[in-house]
Every structure is written in structure tokens, then in C-alpha cells.
Amino acid sequence: DLPESVTIYEVGPRDGLQNEKSVVPVEVKAEFVRRLLAAGLQTVELTSFVPAKWVPQLGDAEELIDLLGSAGTGRQRPVLVPNERGLDRALEKGVSSIAIFGSATESFAQANLNRSVAESVQMFAPVVARALDAGAWVRAYVSMCFGDPWEGPVPVDQVVDSCSRLMDLGCDQLSIGDTIGVATPGHVQRLLDGLDGAGIGVDQIGVHFHDTYGQALSNTLTALSRGVSVVDASTGGLGGCPYAKSATGNLATEDLVWALDGLGVEHGTDLDMLVETSVWMAGQLGRPSPSRVVKALSGT
Ligand code: HMG
Ligand code: MG
């Protein structure tokens, strides 16, 4: 059975823009976020409080929050935070919603966080404890939940173990990341079974699919049919991870909305305004959106 309504967790400003070759001016980022909110999106992940030398594309996190004013904080404006330094920066800006981001594989933990899986859990533990103490909402991402560019397919038990370690810190939500877009619906079923067996139910889970192999929407619908109701998506299908070979864009928010409309599942967004936003953003980035729905509806 499908849920009656779905919460779209928009990651375009963060996952989308972190992977652009050029650094998008902060005023353009703020305008992107304002347009997303105007289109009805409730939850918009804004940026990352990571060192600018790791992700120069998001080196303007403070300025972005300042530019957004009251629209830039609140429980539905999460930001990525890797460590206590990142948490200090975020709290200083009045952020009340954060996401830590772990890995199911050792290779990606090293590439993305410069430490092992176990060391990264140690890094996240005080971040989560202090964030919860401060009254913030905390999401835990786990990357490489299906396949890893260095290690190949990732065993379900190994993924469940990484997810459990982060959820045991007290996080409010888990986002299962298919960072390189290799998941297929049967694999999604097996992972949800594994998580359920470890006491992590669908009410705690969001799904985060990248569309490298064109499976993101099928995988999402599989998860929805299992009772998941939080879906990560990126307007225009922007996205990817600079530290993962072969990562392409996220599930496009427009592709998701088109499918949900057809199914009669509520989502609260205006598809035309999302498409207009993607066409505008494509103009800023100098290349067309990879989303088929954007292409079809905009004639681009
Ligand atoms: P490190 O180099 O081991 O960190 O990086 P460090 O603690 O040794 O610090 C090095 C320097 O950075 C020091 O300064 C620190 O003060 C400073 P220095 O002494 O050299 O002058 N520093 C900071 N500055 C600002 N903000 C901070 C901060 N922390 C340290 N927060 C670290 C370790 C975790 C910081 C690094 O590996 C990192 O930032 N990694 C994040 C990379 C990233 O953002 N990747 C993309 C997001 S994940 C993703 O996209 C996947 C997802 O979408 C889900 C999916 O698709 O699977 C979420
Ligand atoms: Mg991602």
C-alpha cells in the first residue's frame, strides 16, 4: 500500500550544488532556495558546514543562511554537519536541524571523511549528543548502501550495521543513500527487510536515490509501497558526490512529483513552479536539466 502523502526532502541546494564544477554565487543559491519554497517544498536541505577546502562549492554556508533570513532556519532547513567544528558553526547561525553523514563502506569513509567507519562514528557521537541537547532534529545519512565504486556490491548486513551504529546515537531519521545509483527494487526490498530486522522501521527511514542507472524512481516507488514516506529528491536532478567516482544526479523532484500526481499521492508542491525553477537554474549553470520531466514540460 502506498502512503497517502509523501514528504519530499529537497536536497538540490546541497547535494545538487556541491557537485557543480563552478561555485554558484551565493545570491543565486538564495534565490534557488526561495523559489523551491515558493513551489511548496517544506523541507529543503540548504548547505554543508564542512571545510571549504573539502567542498569549495559550499564554502559560503554562513552567508547563505544570513541571506535567507528567517527562511534559512527552523526544523525543516537541515544542513550537513560532519564534526563538532561544523556543529559550532551551524548553531552559531541559529540552525536547528542537522544531518550527519556516515558510510557503509571503509573505502568511502576514507575518501569522504578521511577516517574509518569506526572513527567516523566516534566523530559523530558528540555531534549528535550536543545537537539533541540543543533541541535540534538530527538525520543520519548512510552512503554506499547498495554498491560502492571501490568495493562493488555492499552486503545488506554490513549496511544494517552502519545504519544501526548511527541510529543508536539517537538520530531522528535515517536516510539510506544509493550514492552511485546502482540500486534495483529487489535490493531495496532486502535492505528494508534487514533494517526492519534490526528494529529500524519504515517510519524512521528516508530514501536517497541517485539516478545513474535510471532506477531512482522505481526504487523510490518500491520503498513507498513498503510504507516509507520520506523521499530525498533534487529539483532538476542536480547532484552527485565529489568524493565518489561515478556519482550522478539525484532523483529529480519533478520526476517524483509527476509519478506521485499520477498515483494520487499528496506532496504539496507545484510542478510547474519546480520546472520553471529548473529551467532558470539550468540557465545559471549553463547546461540543461537531466530530468526527463523537466525536458518534456519545458520543451528544452
Ligand atoms: P580532516 O581534514 O580529517 O579534518 O577532514 P581535520 O579535523 O583534520 O581538520 C582539518 C582542517 O579543517 C582544520 O583546519 C580544521 O580546523 C578545519 P587547519 O588546522 O588545517 O587550518 N575544519 C573545519 N573547518 C570548517 N568547518 C568544519 C571543519 N572541520 C575541520 N566543519 C572532515 C575531516 C570530516 C572535516 C572532511 O573529511 C569533510 O568535510 N568531509 C565532508 C566531505 C563532503 O562534504 N562530502 C559530500 C557530502 S556526503 C554526500 O554527498 C552523500 C549524501 O548525499 C548521501 C549519498 O548520496 O550517499 C549525503
Ligand atoms: Mg547524495
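Colleague: Which strands does helix H9 lie across, and at about what angle does H9 run to S9?

Modeller: This is a predicted model, and in it H9 (residues 216-225) lies across S8 (173-178), S9 (205-209) and S10, running at about 165° to S9. Angles go from 0 to 180 degrees between N-to-C directions, so H9, at about 165°, runs roughly against S9.

Colleague: What makes S9, H9 and S10 a right-handed unit?

Modeller: With the strands pointing away from you, a right-handed path over the helix goes clockwise. S9, H9 and S10 form a right-handed β-α-β unit, so the path from S9 over H9 to S10 runs clockwise.

Colleague: How do you know that S9 and S10 pair?

Modeller: Pairing takes at least two bridges. S9 and S10 run parallel and are joined by 2 bridges, so they count as paired. Glycine 206 stands opposite valine 230 in S10.

Colleague: And what joins S10 to S1?

Modeller: 4 bridges, again with the strands parallel. Threonine 7 has valine 230 as its partner, and glutamate 10 has alanine 233. In the sheet order, S2-S1-S10-S9-S8-S5-S4-S3, S10 sits between S1 and S9.

Colleague: Why are S2 and S3 called edge strands?

Modeller: Because S2 (43-44) and S3 (79-80) each pair on one side only.

Colleague: Which way do the S10 residues point, and are they buried or exposed?

Modeller: Val230 and Asp232 point one way, Val231 and Ala233 the other, and all are buried.

Definitions and conventions
Residues are numbered from 1 along each chain as its sequence is written. Chains are lettered from A and ligands numbered from 1 in the order in which they are written. This is a predicted model: local features need pLDDT of at least 70, side-chain atom pairs count only at pLDDT 80 or more; totals for chains, interfaces and linings use all residues. Two residues are in contact if their C-beta atoms, placed from the backbone, lie within 7 Å. A residue is buried if 20 or more other C-beta atoms lie within 10 Å of its own, exposed if 12 or fewer, and partly exposed in between; C-beta atoms are placed from the backbone.
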